[in-house]
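This briefing goes through a two-chain model by topic. It is meant to be read beside the sequence and the coordinates.

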Amino acid sequence: MSDLKAPSENYSSVQTWYKGLREQSGVNPASDLSRLKVLEEFCRYAQLDPDEVVKACLLEKEGRETRISIKGRKRVAQMISDFQASGEGLSPRERAYRGNTIRSFLIHNGILLQAGMQL
Amino acid sequence: MEYKEVVGRRRSIRYFQTWRPVEREKIQIMLEAARQASCAVNATFMKAIVVERDKLDPKTLESLKTPVSGQLELAPIHIYTYADPSAFNGAQGRLKKLVDVGALNASLGWSHKFVDEFVWPNILKPLAENLPQSIALVAGDVGVAVCQAMLAGVDEGLGVCLTAFVPEPVKKALNVPDHWVPMWALLVGYPAESWDGGGQRPRPPMEEIYFEGKYGTPFKPDPKVTEELKAKKLLMPPAPLPWRKAEVKALAQMFGLPE
């Protein structure tokens, strides 16, 4: 997927993320669009749209409650680490920001991906 | 610090000064507080292994984390606590010693013979042989001891937090005996967040959880006592304090954590 099918703010996962940032993290996402740019860059990198990134961490089976997929979560966690490492010319702090932005997106969508301190 | 203030100041601290070691004597104080805790049949059911985070190899540290225990990495000291049901062994002798030192007395029905012929064979031995039945009692005692250790830590100016851990890698790394039942990891360090952690945590009102006389009759707190407890700092301003989200954001930036 080279481009998103819709403006990224229209995806429900992005709206959930924004709501979480506003209500639980005390952050106004509209004041700094760099988060969204990082997410869009990650989506291009992963060839997935934002909702698909969340789905990639879930195990959905008909007639069963949706659960977090251990394999899916591991795969996405690795993707984030690779994405973080791929920021050429960036400082370690800027790279950490890239990875943590995607982790924040997933955390507010109910997918916990711990990477620990990124110093 | 006054006891009521110690109770009032305790919070689950999750952000620690990763760079600041904890003095060994403060850990000893915490362990001593645990050792002096009330315990059934004078058995110290709580066992513990104190570990310096920096002495764990990174792979082991990573393997100990549960999905909700990221703070393991931030805390310089981990105290892995266990319930040791084998502490029932020797209860007979310990109870008789309590009779000898005047803690258990004939005036309330205690004697060596009572311990040997009734308490041990009819109560304690069956409990010792039935882990599913005894574990609630044993775990309760561990909780009491851990709580005393936590409060002693707070009194020493430390931050403390109980968290779950993955038992198998800890068992392997720390050579934990097979019969110890994993309880909690008690994380210890100097708080990187403010000591009040953004305010006292929300709790249900007393009358919802405690009853008087019989279930259903709420235990109604006396407002005068409540005011006194505020003055003595057992009751403190509730969370969230107005700056808490900004603090958490700053901590996330400092430690390179997601927001």
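The model is predicted, and the mean pLDDT of chain A is 90, with 97% of its residues at 70 or more. Within chain A, confidence is lowest in strand E2 (residues 67–68), where the mean is 86, and highest in H3(A), at 96.

**Fold of chain A**

- Chain A is built from five helices and two strands, and their order along the sequence is α-α-α-β-β-α-α.
- Chain A has a radius of gyration of 14 Å, close to the 14 Å that the globule rule gives for 119 residues, so it is as compact as a globular protein of that length.
- The C-alpha trace of chain A spans about 45 × 30 × 25 Å along its principal axes.
- Buried residues account for 29% of the 119 residues of chain A.
- Of the contacts in chain A between residues at least 6 apart in sequence, 48% link residues at least 24 apart.

**Fold of chain B**

- Chain B has 10 helices and four strands, which follow the pattern α-α-β-α-β-α-α-α-β-α-β-α-α-α along the sequence.
- Taken along the principal axes, the C-alpha atoms of chain B fill a box of roughly 65 × 55 × 35 Å.
- Of the 259 residues in chain B, 29% are buried.
- Among contacts in chain B with a separation of 6 or more, 82% are between residues 24 or more positions apart.

**Helix H5 of chain A**

- Helix H5 of chain A covers residues 92–107; at 1.5 Å a residue its 16 residues should span 22 Å, and the end C-alpha atoms are 22 Å apart, which agrees.
- The buried residues of H5(A) include A:Ala96, A:Tyr97, A:Ile102, A:Phe105 and A:Leu106. Also among them are A:Arg98 and A:Arg103.
- These buried residues pack against four helices of chain A: H1 (12–24), H2 (34–46), H3 (50–55) and H4 (70–85).

**Contact between the chains**

- Chain A puts 15 residues into the contact and chain B puts in 12 residues.
- On the side of chain A that touches chain B, H5(A) gives the most, with five residues.
- By residue class, that side of chain A has seven nonpolar, seven polar and one charged.

**Nonpolar cores**

- The largest nonpolar core has 51 residues, and B:Ala149, B:Val160, B:Leu186 and B:Val188 have the most contacts inside it.
- Elements of chain B that give two or more residues to this core include H2, E1, strand E2 (77–83), helix H4 (91–100) and helix H5 (112–128). Helix H6 (131–155), strand E3 (159–163) and strand E4 (181–189) of chain B are also among them.
- H6(B) supplies the largest share of this core, eight residues.
- Leaving out residues up to four places away in sequence, B:Val160 touches B:Ile13, B:Met150, B:Gly153, B:Val154, B:Leu186, B:Leu187 and B:Val188.
- A second, separate core has 18 residues, among them A:Val53, A:Cys57, A:Val76 and A:Phe105. A:Phe105 is also one of the buried residues of H5(A).

**Backbone details in chain B**

- Most residues other than glycine have a negative phi, and most peptide bonds are trans.
- B:Val41 has a positive phi, near 45°, and is not a glycine. B:Val41 sits in the loop between helix H2 (24–35) and strand E1 (46–52) of chain B. It counts as buried because 22 other C-beta atoms lie within 10 Å, against a cut-off of 20 or more.
- B:Lys233, also a residue other than glycine, has a positive phi of about 70°. B:Lys233 is in the loop between H9 and H10 of chain B. With 15 other C-beta atoms within 10 Å, B:Lys233 is partly exposed.
- The peptide bond from B:Ala239 to B:Pro240 is cis, with omega near 0°. B:Pro240 lies in the loop between helix H9 (223–231) and helix H10 (244–255) of chain B.

**A proline in helix H6 of chain B**

- B:Pro132 is part of helix H6 of chain B. B:Pro132 is exposed, with 6 other C-beta atoms within 10 Å.
- B:Pro132 and B:Lys97 are 35 residues apart along the chain, and their C-alpha atoms are separated by 28 Å.

Key: Residues are numbered from 1 along each chain as its sequence is written. Chains are lettered from A and ligands numbered from 1 in the order in which they are written. This is a predicted model: local features need pLDDT of at least 70, side-chain atom pairs count only at pLDDT 80 or more; totals for chains, interfaces and linings use all residues. The expected span of a helix is 1.5 Å times one less than its number of residues. A residue is buried if 20 or more other C-beta atoms lie within 10 Å of its own, exposed if 12 or fewer, and partly exposed in between; C-beta atoms are placed from the backbone. Two residues are in contact if their C-beta atoms, placed from the backbone, lie within 7 Å. Ala, Val, Leu, Ile, Met, Phe, Trp, Tyr, Cys and Pro count as nonpolar, Asp, Glu, Lys and Arg as charged, and the others, Gly among them, as polar. The radius of gyration is taken over C-alpha atoms; the globule rule is 2.2 Å times the number of residues to the power 0.38. pLDDT is the predictor's confidence in each residue, from 0 to 100. A nonpolar core is a set of buried Ala, Val, Leu, Ile, Met, Phe, Trp, Tyr and Cys residues joined through C-beta atoms within 7 Å.
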